[in-house]
Amino acid sequence: MKKLFQALGTILLIGLVVISIPFTIPRFLGYSIFEVISDSMSPEYPVESVIYVKDANPDEITVGDVITFSLGTDTTQVMTHRVVAIDTDNGLFTTKGDANEQADVSPVSFQRLIGKPVYKLSHMGKVVSLFETTQGRVLLACLVGLVFILWFSADHLDSADEQISKEKIKGKLNRSTTIIFVVGIAMILFAIWNMYRISKDYRDSNDLYEQLKQEYVKVPVQDVPEWYQMAEIDLPSLQKQNPDVAGWLLFENEDISYPLMYSGDDTTYLHTALDGSSATAGSIFIEGGNHPDMEDSHTIIYGHNMRNLSMFGKLRYYKQEDYYKDHAYFQIITNAGVYRYQIFACEEISADSFIYHVPYAADETFEQFIAKLYRLSYYDTGVVATKEDKIVTLSTCSRSGMRFVVHGVRIDSYCDDTKKEE
């Protein structure tokens, strides 16, 4: 048993060291490491692979090279595409994903160049989360603590009869080993508690919203002839439970379906569910500076980017144009009617971006605002929005203090007058 514990601790430590080598040593050698989350460069750089990027100067780049570049001067989001043209006079690269039919809409300035990918590791993208997320780091700490516990236990096992002698342990214990043992146990207990707490919080939020859908949302069993018949929401009953319910957000061809809250501020429902309970996931809610009737020229709706893909967790998929093609529409259902929106742009922005300005009037300033959205968008959807339209921005958190936003333009509406008369 003593040798077994020693072997297990050693094997685990070696495994941790081996896993960490590809994500630590290259950084000391000057390489940047990125996870591939889009298939725009497949098959050369498939999703969930890891690429190693070496710094490069613009004059080292030629047409046909693959480069990694920042998506903007105020974002940490990057992209890796192939150079198809170089405008030396204006300092611009034209890039294109190998799997995309057309070149990228926006050229890349020389200043945004990060470097050239020189190596890749396939199927290693998930491992990156161990070093870049809180949960991953907690798990690593837990495993390191387990190594110490295995070694500590091995040192105090009687190899003759494989039983622990309390008298011997008492004599051998010293301050340093006791601290290591206690710290190891504490790290494991802390990790287990955090994982349980996060898991329970996620589960409670999911259960609540699933219950709301069962009680207040009726979805036809058969295909419906009209877009506004996809779901019937019992808003009056919901509003009796909580008068802050302003409507319901429903995505077509996706399971994003939640009550829409409005409190007049941006904090009440940040970590509070519809029933008033505390929840990490919070609620989907309308910007406090907007009116809840969805009649402002620009309305912002917030939701958390949850790891289990609930709330606005799936908005991240809009970074991939192929996903957008099958998920271009969402609806907002209110007491006044049903409004249908078509997504026309999406991008990552800073938390203090101009996008968080509301409301707008149907004037030249709003027209310029819309033009900026098109310029920043990851891709050209071909959908036209004008200053006369109603725009909705769906906003969720991204990484390093950034935000990811999806913009939809109202393309249709339906009002059931018979219901109003009732």
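## Exercises: strands, turns and salt bridges

Ser109 is buried, with a relative accessible area of 17%. Here, buried means under 20% relative accessible area, exposed means over 50%, and partly exposed is in between (1.4 Å probe, protein chains only). This is a predicted model, where local features need pLDDT of at least 70, side-chain atom pairs count only at pLDDT 80 or more, and totals for chains, interfaces and linings use all residues. Residues are numbered from 1 along each chain as its sequence is written, and side-chain values use heavy atoms, with hydrogens and water left out.

**Exercise A. Find the strand that holds Ser109, and say which residues Ser109 is in contact with once its neighbours within four places in sequence are set aside.**

Start with the element: Ser109 sits in strand E6, residues 108-109. Strands (E, at least two residues) and helices (H or I, at least four) are DSSP runs, numbered from the N terminus.

Now for the contacts, meaning heavy atoms within 4.5 Å. With neighbours within four places in sequence left aside, Ser109 touches Gly91 and Leu92.

**Exercise B. Work out how E4 pairs with E3 and with E5, and what sits in the turn between E4 and E5.**

Begin with E3 and E4. Strand E3 (residues 66-70) runs antiparallel to strand E4 (residues 78-87), and the two pair over 5 bridges. Two strands count as a pair if DSSP finds at least two bridges between them. To locate this pairing on the model, look for Phe69, which stands opposite Met79 in E4.

Move on to the other partner. E4 also pairs in the antiparallel sense with strand E5 (residues 92-96), over 5 bridges. Here Ile86 has Phe93 in E5 as its bridge partner.

Finish with the turn. E4 and E5 make a hairpin with 4 residues between them, and Gly91 in that turn has a positive phi of about 65 degrees. One thing to keep in mind when you look at side chains: in a regular strand they alternate between the two faces of the sheet.

**Exercise C. Asn253 and Met311 each have a positive phi. Is each one buried or exposed?**

Take Asn253 to begin with. Its phi is near 65 degrees, a positive value in a residue other than glycine. Asn253 belongs to the loop between strand E10 (245-251) and strand E11 (257-261). At 59% relative accessibility, Asn253 counts as exposed.

Then do Met311. Phi of Met311 is near 55 degrees, again positive in a residue other than glycine. You'll find Met311 in the loop between strand E13 (298-302) and helix H7 (321-326). Met311 is buried, with a relative accessible area of 2%.

Pro43 is in the loop between strand E1 (31-35) and strand E2 (50-55).

Pro359 is in the loop between strand E15 (338-350) and helix H8 (364-376).

Set the rule: a salt bridge is a side-chain nitrogen of Lys or Arg within 4 Å of a carboxyl oxygen of Asp or Glu. That gives 9 salt bridges.

Look at Lys116, which bridges to Asp65 with the closest N and O atoms 3.6 Å apart. Lys116 lies in strand E7 (residues 113-121) and Asp65 in the loop between E2 and E3, so the pair ties together parts that are 51 residues apart in sequence. Lys116 is partly exposed at 26%, while Asp65 is buried at 15%.

Lys213 and Glu210 also pair up, at 3.5 Å between the closest N and O atoms. They are 3 residues apart in helix H5 (residues 175-216), which means about one helical turn separates them. Lys213 is buried at 18%, and Glu210 is partly exposed at 40%.

Last up, Lys314 meets Asp255 at 2.8 Å, N to O. Lys314 is in the loop between E13 and H7 and Asp255 in the loop between E10 and E11, so this pair ties together parts 59 residues apart in sequence. Lys314 is buried at 14%, whereas Asp255 is partly exposed at 48%. Elsewhere, salt bridges with shared partners join Glu44, Arg82 and Asp98 into one network.
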